[in-house]
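This report walks through a few contacts and pairings for a reader who is new to the structure. Please look over the sequence and the model before reading on.

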Amino acid sequence: MSPDSVIPGSVRSAAEVNEQIRALWMRAGGTLSPQERAEYELLVVEWAAAIRADIIEAA
């Protein structure tokens, strides 16, 4: 997945995004290139939004 493939407003669960984060780290072997770092940052933002949505929904 490239950073450009993240669709703004897309709705994925925190678990789905977390799985992508884990896969990225596994592919990278623990050291991220600049492109992988950008992808990671986008995934973390998406994951945080999904967590917030879960909390709001639970309330």
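## Contacts of leucine 24

Leucine 24 touches Leu32, Glu36, Glu39, Tyr40 and Leu43, leaving aside residues up to four places away in sequence, where contact means heavy atoms within 4.5 Å. This is a predicted model, in which local features need pLDDT of at least 70 and side-chain atom pairs count only at pLDDT 80 or more, while totals for chains, interfaces and linings use all residues. Residues are numbered from 1 along each chain as its sequence is written, and side-chain values use heavy atoms, with hydrogens and water left out.

## The nonpolar core

The largest nonpolar core has 6 residues, namely Val17, Ile21, Leu24, Ala28, Leu32 and Leu43; such a core is a set of buried Ala, Val, Leu, Ile, Met, Phe, Trp, Tyr and Cys residues joined through side-chain atoms within 4.5 Å. Buried means under 20% relative accessible area, exposed over 50%, and partly exposed in between (1.4 Å probe, protein chains only).

## Salt bridges

The whole structure holds 2 salt bridges, each a side-chain nitrogen of Lys or Arg within 4 Å of a carboxyl oxygen of Asp or Glu. In one, arginine 12 pairs with glutamate 46, with the closest N and O atoms 2.6 Å apart; arginine 12 is partly exposed at 25% relative accessibility, whereas glutamate 46 is buried at 10%.

Arginine 27 and glutamate 39 also meet through their side chains in a salt bridge, at 3.6 Å from N to O. Here arginine 27 is exposed, with 53% relative accessibility, while glutamate 39 is buried, with a relative accessible area of 6%.
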